Every structure is written in structure tokens, then in C-alpha cells.
Amino acid sequence: MSLLSTMGETRKRQASVTATRPATDPGRQKDDFYRTPDSATRALLAVESLPASIWEPACGDGAISEVLAGAGHRVISTDLVDRGYGDARRDFLMERRLAAPCIVTNPPFKLADEFALHGLDLGVEVMALFMRLAWLEGAARRSKLWAVHPPARVWVFSRRQTLWRGDQEAQDRGGAIAFAWFVWTRGHVGAPALGWIP
Ligand SMILES: C[S@@+](CC[C@H](N)C(=O)[O-])C[C@H]1O[C@@H](n2cnc3c(N)ncnc32)[C@H](O)[C@@H]1O
């Protein structure tokens with residue numbers, strides 16, 4: 001193996017290991033910028049019929065927004081950080097009005113509960129959050145989120161996914177983490193339906 005490919009392999013390993021670090025790890029990307037694979041957003045569009053106007057409130061450099069826009073949706077993109085895409089310096093948790101009736105995002109992992117609760121507080125019609133399947137765990141989360149606001153549907157990815165640090169180039173599409181789309185619809189009551197994304 002050449003030195004170059006060895007270095008490439010090392011970088012590959014470092015990047016994907018970083019993406020699997022726990023949310024409390026100080027080595028995680030600042031502000032939790034991990035890019036969602038296009039295929040994950042396309043999979044959501046294949047199983048959900050989303051409203052025409054969608055708000056991506058943690059848009060990063062537009063990975064999700066671009067796929068939604070490409071599918072014909074009107075997308076309002078905002079983010080806390082200026083990543084050269086959408087409207088920057090917009091803290092979702094400080095927003096007081098919905099920019100669109102539907103929210104689709106991959107929220108910062110360490111603020112995922114707050115994002116979900118805030119979207120619901122704002123009265124969102126449909127909200128789809130791309131999150132680790134393990135988000136379903138946790139006694140505190142169960143009482144403040146799942147028991148009070150059960151999602152209508154949870155779409156589990158049959159194949160594992162890898163999210164790449166926003167400041168690094170994607171090296172491959174090998175999956176490392178179990179992910180799902182968690183979808184809330186206004187007025188839904190009862191346990192969520194479970195579906196699988198091939
Ligand atoms: C996991 S990345 C996802 C980026 C993009 N949604 C995607 O899927 O490729 C999370 C994004 O949330 C942003 N973010 C962190 N805290 C935020 C906040 N309070 N309000 C809005 N955006 C925030 C980060 O800057 C980062 O771009």
C-alpha cells in the first residue's frame with residue numbers, strides 16, 4: 001500500500017470515528033455540523049408526502065435543503081452559523097414563529113430534544129427529524145418527549161448511515177450508525193407507526 005493511500009485510509013478512519021463520537025465528546029465538530037447524505041433525504045421523500053413549503057432550521061451547507069428544493073419544495077433555510085448557505089445567525093430555539101408549516105432537519109445532536117420540543121411548541125404541522133435510532137432511549141426523554149408528543153411515524157434505515165463532519169470531505173458511504181426519520185404530524189395521538197427504509 002502506498003503512503004498516499006495509507007494516509008487516505010487514516011483520514012477516512014479518523015473522519016468516520018469522529019462522526020460516531022458521543023454528543024458530549026469535546027472532539028466533536030463545533031456546533032455539531034455533520035452533513036446528511038442526499039440519499040437519506042431522498043428516502044424521506046419516498047415515504048412521506050410533505051407540504052409544499054418547508055423550513056430547514058439547521059441547514060448547515062444545505063445538504064437537506066438542496067434535495068428538498070430539487071424535488072420542487074419551497075425551502076426556507078436558516079442556521080445559527082454562517083456556512084455560506086441560507087440565512088445565518090438564526091438560533092432556532094429563539095425563533096418565535098414558524099417560517100413554514102413543515103420542518104425538516106438533522107438537528108445538532110446535543111440539542112435534539114430541545115429542537116423537537118420547540119418545533120412542536122411553535123405548532124408545526126409536520127416535522128421530520130433525522131436522528132440516531134438510539135434517540136428513542138432514555139427515561140428522561142421518554143417522559144418529556146415520547147410520552148407527551150409521540151411521533152406519527154418512525155422510519156428506520158435498514159442500512160447504517162455515516163454522517164461526515166461538515167469541515168471534511170466525504171470519503172465513502174460506508175455506514176456506521178443506525179438512523180431513522182422521526183415524523184410528527186399535528187393532532188396525532190397514540191403510538192407511532194414503524195416503517196423501514198430499504
Ligand atoms: C448535524 S448538522 C446538520 C446540518 C444539515 N441540516 C445537514 O443535514 O447536512 C447541525 C447544524 O445545526 C446547526 N445549529 C447548531 N445549533 C443551532 C441552533 N441553536 N439553531 C440553529 N442551528 C443550529 C449547526 O450549525 C449545524 O449546521
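Predicted model: local features only at pLDDT ≥ 70, side-chain atom pairs only at ≥ 80, totals over all residues.
Helices (H or I, at least four residues) and strands (E, at least two) are DSSP runs, numbered from the N terminus. Tyr-34 is found in one of them, strand β1. Residues are numbered from 1 along each chain, as its sequence is written.

The chain contains five helices and nine strands. Read along the sequence, they follow the pattern α-β-α-β-α-β-β-α-β-α-β-β-β-β.

To describe how enclosed a residue is, other C-beta atoms within 10 Å of its own are counted: 20 or more make it buried, 12 or fewer exposed, and a number in between partly exposed, with C-beta atoms placed from the backbone. Of the 198 residues of the chain, 31% count as buried. Tyr-34 is partly exposed, because 19 other C-beta atoms lie within 10 Å. The C-alpha atom of Tyr-34 is separated by 5.7 Å from that of Leu-163, although the two residues are 129 residues apart along the chain.

Two residues are in contact if their C-beta atoms, placed from the backbone, lie within 7 Å. Among the contacts in the chain with a separation of 6 or more, 68% are between residues 24 or more positions apart.

Helix α4 covers residues 112–121, and its buried residues are Ala-112, Phe-115, Ala-116 and Gly-119. Seen down the axis of α4, these buried residues fall within an arc of 95° (taken from the directions from the helix axis to the C-beta atoms), so they line one face of the helix. An α-helix has 3.6 residues a turn, so residues three or four places apart point the same way. The buried residues of α4 pack against β4, β5 (126–132) and α5 (139–146). After α4 comes Gly-123, with a positive phi near 85°.

Another positive phi, near 60°, belongs to Arg-89, a residue other than glycine. Arg-89 is found in the loop between β3 (74–77) and β4 (102–105). Is Arg-89 buried or exposed? Arg-89 is exposed, because 9 other C-beta atoms lie within 10 Å.

A residue is near it if the residue's C-beta atom, placed from the backbone, lies within 6 Å. Of the 23 residues around the ligand, Thr-36, Ala-58, Gly-60, Ala-63 and Asn-106 come nearest. The elements that give two or more residues to this shell are β1 (34–35) and α3 (63–70).
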